[in-house]
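The sequence and the structure come next, followed by notes grouped by topic.

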Amino acid sequence: MNNSLLEIKDLRAGIEGKEILKGVDLSIGRGQVHAIMGPNGAGKSTLSAVLTGRPDYKVTEGSIEYDGRNLLEMTPEERSWAGIFLSFQYPVEIPGVSITNFMKTAINARRKAQGLPEMKPAEFLKLLKEKMAFVQMKGEFAKREVNVGFSGGEKKRNEIFQMAMLEPTLGILDETDSGLDVDALKIVADGVNSLRSPERSFIIITHYQKLLEYIRPDVVHVLKEGRIVRTGGPELADRIWQEGFDGIDG
Amino acid sequence: MARKVFMIGRDEIPASVSLGAGEKLDWTLVCLPGTSAVVDLAISLDGPGAELDLAGLYLCPGSENVRMNVSVCHNSGGCISHQLFKGIVGGTARAEFDGLIYVARDAQKTKAYQQSHSILLSAGAWAESKPQLEIYADDVECSHGATTGFLGENELFYMRSRGIPEKDARRLQIISFLSPVLERLPEELRDDIISEC
């Protein structure tokens, strides 16, 4: 087994004819946590959109290899089945669909794609309860409509809950820390930390270094104007905190 | 009164119904794919404490033309009416809901609610909700809501990113949208409708 999980080479991509990523190279090893930092408009969210196959984003050049497969040929659902999970910056409300129904549908869709039978209801319920406790969600949470009427903190905890349910191989957190108070930030960080394993990698996209105090990354990248201009260890995040992005150049 | 389900185009629906004191009516109107029809229904709440629970569901995926004209008249005080209509309109189908709530001057302590929502599945489909309130009493609680829209692309992508295939995601959205009306139907009919979605 190759030790690299994700290989991005010279990736150029954008939306509505506007190029946002202008040649990104990134290699992520199994079990590693990479942080991607950068100012607004650097292309951080475009990167997460391209990795998860958002239909309105177009890749114009370059390649992405995930677990030995050509990621760009896979649909969003195929990427999920292959173990990619995105914690959305703006989680979407789905009126009329309960968390339970949503997760049951998601888990059984993946099992079907893998040729497995549906999960038994008792087994599913046990998993649901276990993962709810993981993000400190109470009983009635499972019956609520997905993200409808959730506070900002609840939405982000719901993302981490879903991540724990789906047990991805590559978890991508897109600005999961934005708008969170310290308590919610700690719940999110504890959740991610307890999911860390030698087989599971993470990309933490963030604006601030705060989350990285709780989730220590192995590698920090600075994304600016569509390119990775600097790569370093966790100390790079601390330096950005002190000097700002302006002090960091390629 | 027991719950009653009418299949539009097959069952005869009374054009007008009067509810006396304390009488209750619980009706659901169902319009299945392939049915074009005009439904005229006038229900009056004529005695104190009468209650109406009316729902409707119309599935028009092809070239159907469905019109529902529903009027609910509160002629007596202390009555309650609930109306909930949901439609799925695709292809080149047309669906229209005209809903009148009338509250007479003496019908104090009236509670009247009406919701009418439809989802368009294609650019060629057309749906309209026309709620109308005529209220002459002053101590009443009335509300209405009407929406027409497409299935959201953001919702779709969110579901797909969790591994739910596009087709299943759209179906889940439609079933969820219809669920408050589906819940009122006998299991067999409900399962038939769900398998049509």
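Contact here means that heavy atoms lie within 4.5 Å of each other. The model is predicted, and the points below describe an open sheet of six strands in chain A, together with a largest nonpolar core of 84 residues and a second, separate core of 32 residues.

**Sheet and helix packing**

- The six strands of the open sheet in chain A follow the order S6-S9-S10-S3-S11-S12, and their pairing is mixed.
- Strand S6 (84-87) and strand S12 (227-232) of chain A form the edges, each of them pairing on one side only, while the twist from one strand to the next averages 20°.
- Strand S11 (residues 219-224) of chain A pairs with S12(A) in the antiparallel sense over five bridges, and A:Leu223 stands opposite A:Ile228 in S12(A).
- Across strand S3 (33-37), S11 and S12 of chain A lies helix H8 (residues 235-243) of chain A, which runs at about 115° to S12(A).

**Nonpolar cores**

- Within the largest nonpolar core, the residues with the most contacts are A:Leu6, A:Ile8, A:Leu51, A:Phe102, A:Phe161 and A:Ile203.
- Helix H6 (residues 182-195) of chain A supplies the largest share of this core, namely seven residues.
- Leaving aside residues up to four places away in sequence, A:Phe102 touches A:Ile94, A:Val97, A:Val146 and A:Gln162 in chain A, as well as B:Tyr158, B:Met159, B:Arg162 and B:Ile164 in chain B.
- The second, separate core includes B:Phe6, B:Leu25, B:Val39 and B:Val66.

Note on methods. Residues numbered from 1 in each chain as written. Chains lettered and ligands numbered in written order. Predicted model: local features only at pLDDT ≥ 70, side-chain atom pairs only at ≥ 80, totals over all residues. Heavy atoms only, no water. Pairing = 2+ DSSP bridges. Helix = DSSP H or I, 4+ residues; strand = E, 2+ residues; numbered from the N terminus. Axes fitted to C-alpha atoms, helices over the stretch in contact; angles between N-to-C directions. Core = buried A, V, L, I, M, F, W, Y, C linked by side-chain atoms within 4.5 Å. Buried < 20%, exposed > 50% of the residue type's maximum accessible area, 1.4 Å probe, protein only.
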